[in-house]
Amino acid sequence: MRLNKFISETGVCSRREADTWIEAGRVSVNGQRAELGTRVGEGDAVEVDGKPIGAKRKPVYIALNKPVGITCTTERHIAGNIVDFIGHRERIFPIGRLDKESEGLILLTNQGDIVNEILRVENEHEKEYVVTVDRPFDDAFLAGMAGGVRLPELEATTKRCRVERIAPKVFRIVLTQGLNRQIRRMCDAFGYDVRRLQRVRIINLRLGELKVGKWRDLSEAELAGLLPKRFGAPDPAARG
């Protein structure tokens, strides 16, 4: 197995980060400084900064209904960080983020490479939100949101997306990109203030009946629809 893959599968970082560590001389194998492309096998002693890297951990994939006020960061010194909020026994980190003021579905894992795969822009994975604004909107607002919104502060125009009315002040929006505070900025461009923003779906995973502040492990069926086969997603049919 390539060294960067071995390191990422212990859950400490992604393959890309592992390569950076190797290039910086922070990684050794059997007491010798490692190089990019180094391969390791059973019994090899791998260390980072002089500390042994443990055996491959069992993959963890969980879904959390994030409350407002929780920050999607692994920085433990930040009050209300998502890691301490969950208190999982494994070292996990969020896949993407939700603003502190937003709520709803967010995924967390201990598998670094999965994060990169799901967040890769060109994959255009869908994320669905239910949004409440400060006053009723008209059809022109829905059409404008769906058609692409210029965000001068980001020097970007949002991609076309699906938007539909739920109530006079509530709409559903499905995005395939994740610009910083995108929905809030889009609404602001039309003069609306977001009062509540809830993510209800990521790709094939739905928030469902998961209560605010609670989390659960993903099912095998959910993982099979979420992860590419090359990451070893379990096949529900295999259990017969």
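Modeller: A polar contact is a pair of N or O atoms within 3.5 Å, where within protein one atom must be able to donate a hydrogen and the other to accept it, and where residues adjacent in sequence count only if both atoms are side-chain atoms. This is a predicted model, in which local features need pLDDT of at least 70 and side-chain atom pairs count only at pLDDT 80 or more, while totals for chains, interfaces and linings use all residues. Residues are numbered from 1 along each chain as its sequence is written, and side-chain values use heavy atoms, with hydrogens and water left out.

Colleague: With which side chain does the side chain of arginine 199 make a polar contact?

Modeller: The partner is the side chain of tyrosine 129, at 3.2 Å, and a polar atom of the arginine 199 side chain also lies 2.7 Å from the backbone oxygen of leucine 105. Arginine 199 itself sits in strand S13, residues 194–202 (strands are DSSP runs of E, at least two residues, and helices are runs of H or I, at least four, both numbered from the N terminus).

Colleague: Why is arginine 184 called buried?

Modeller: Arginine 184 counts as buried because its relative accessible area is 15%. This residue belongs to helix H6, and, apart from neighbours within four places in sequence, it is in contact with Asp99, Glu101, Ser102, Val194 and Leu197.

Colleague: Which residues of helix H5 are buried, and what do they pack against?

Modeller: An α-helix has 3.6 residues a turn, so residues three or four places apart point the same way. In H5, residues 139–147, the buried ones are Phe141, Leu142, Gly144, Met145 and Ala146, and they pack against strand S11 (162–167), strand S12 (170–175) and helix H6 (182–189).

Colleague: What caps the N-terminal end of H5, and which residue follows the helix?

Modeller: The cap is aspartate 138, with a side-chain oxygen 3.2 Å from the backbone nitrogen of alanine 140, and after H5 comes glycine 148, whose phi is positive, near 115°.

Terms used. Buried means under 20% relative accessible area, exposed over 50%, partly exposed in between (1.4 Å probe, protein chains only). Contact means heavy atoms within 4.5 Å.
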